[in-house]
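Here is a friendly tour of one protein chain, written for someone just starting out. Have a look at the sequence and the picture, then read on.

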Amino acid sequence: QKDLSIEEKKLLLRIKDLLDGETILEENDFLDEKDLRYISRDRKVNILLKDAATGFKTFSYLQRLLENGYLNEETLLMIDEPEAHLHPQWVVEFARLLVLLNKQLGLKVMLASHNPDMVAAIHDIASKEGILDNTNFYVAQPAPPESHQYVYKDLGHEIGEIFESFNIALENINRYGRADL
């Protein structure tokens, strides 16, 4: 583990508070291996991280990457749909962590999401933290149908067009389900 800056320590504490514990690398003397384990703050839970919920692992991996010095201004963190296994309130917490990692450590993030809460949270938190000018949004649009490809339209800081694409699901609900929902 490397020496952490004040900013890194604060971010690490934020993650551990969300986890209500921490993820550690523990020696397994029996197998002469090391295991990633989650240990609750009160020490009543001590499980292999591989047995934890997928969404829980998301925060644990950020904790371990941060502790080991892998999250910095030279890092590009590419994440595909991190919200897929997160409770709705943790979607917002994860978005906040990503924005703070960018603001405080210079970490660059490329994120693909189909979740309106994630998109709105990134946008609004980046705006509140004063880094919206460094935050860009894109929307995938089909290229010519025979190409089976997509192109990505740069929306700058605006997210309205992204929400228009999300609204297709609501149209389908109305079409396939009850019209009075």
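## Salt bridges

Let's begin with a term: a salt bridge is a side-chain nitrogen of Lys or Arg within 4 Å of a carboxyl oxygen of Asp or Glu. One of them joins lysine 34 to glutamate 27, with 3.7 Å between the closest N and O atoms. Before going on, note that this is a predicted model, in which local features need pLDDT of at least 70, side-chain atom pairs count only at pLDDT 80 or more, and totals for chains, interfaces and linings use all residues. Residues are numbered from 1 along each chain as its sequence is written, and side-chain values use heavy atoms, with hydrogens and water left out.

How many salt bridges does a search of the whole structure find? It finds 10. In one of them, arginine 41 pairs with aspartate 17, and their closest N and O atoms are 2.8 Å apart. This pair links distant parts of the chain, 24 residues apart: arginine 41 sits in the loop between β2 (33–40) and β3 (46–48), while aspartate 17 belongs to helix α1 (residues 6–19). Those labels come from DSSP runs, numbered from the N terminus: helices are H or I with at least four residues, and strands are E with at least two. Another salt bridge runs between aspartate 51 and lysine 50, whose closest N and O atoms are 3.6 Å apart. There is also a network of salt bridges that links Lys16, Glu22, Arg64 and Glu67.

## Inside or outside?

Time for another term: buried means under 20% relative accessible area, exposed means over 50%, and partly exposed is in between (1.4 Å probe, protein chains only). Glutamate 27, with its 51%, is exposed. Arginine 41 has a relative accessible area of 47%, so it is partly exposed. Aspartate 51 and lysine 50 are both exposed.

## Aromatic rings

A pair of aromatic rings is described by the distance of the centres and the angle of the planes. Here, rings of Phe, Tyr and Trp (its six-membered ring) pair if their centres lie within 6.5 Å; planes under 30 degrees apart count as stacked, over 60 as edge-to-face and the rest as tilted. The whole structure holds 5 aromatic pairs. Why is the pair of phenylalanine 56 and tryptophan 90 called stacked? Because the ring centres are 6.0 Å apart and the planes meet at 25 degrees. Phenylalanine 56 is in helix α2 and tryptophan 90 in helix α3 (residues 88–105), so this pair ties together parts that are 34 residues apart in sequence. Both phenylalanine 56 and tryptophan 90 are buried.

Phenylalanine 163 and phenylalanine 166 make an edge-to-face pair, 5.7 Å centre to centre with 85 degrees between the planes. They are 3 residues apart in helix α5 (residues 160–176), so about one helical turn separates them. Phenylalanine 163 is partly exposed at 24%, whereas phenylalanine 166 is buried at 16%. Back to the rings as a group: Tyr38, Phe56, Phe59, Trp90 and Phe94 form one aromatic cluster.

## Helix α3

The expected span of a helix is 1.5 Å times one less than its number of residues. With 18 residues, α3 should span 26 Å, and this agrees with the 26 Å between its end C-alpha atoms. Its buried residues include Trp90, Phe94, Leu98 and Leu105. What do the buried residues of α3 pack against? They pack against α1, α2, β4, β5 (108–112) and α4 (116–128), where contact means heavy atoms within 4.5 Å. After α3 comes glycine 106, which has a positive phi near 80 degrees.

## Loops and a strand

Arginine 43 is in the loop between β2 and β3, and its 54% relative accessibility makes it exposed. Glutamate 81 is in the loop between β4 and α3 and is partly exposed at 28%.

Leaving out residues up to four places away in sequence, isoleucine 47 touches Leu36, Arg37, Tyr38 and Ala52. The C-alpha atom of isoleucine 47 is 35 Å from that of alanine 126, which lies 79 residues away along the chain.
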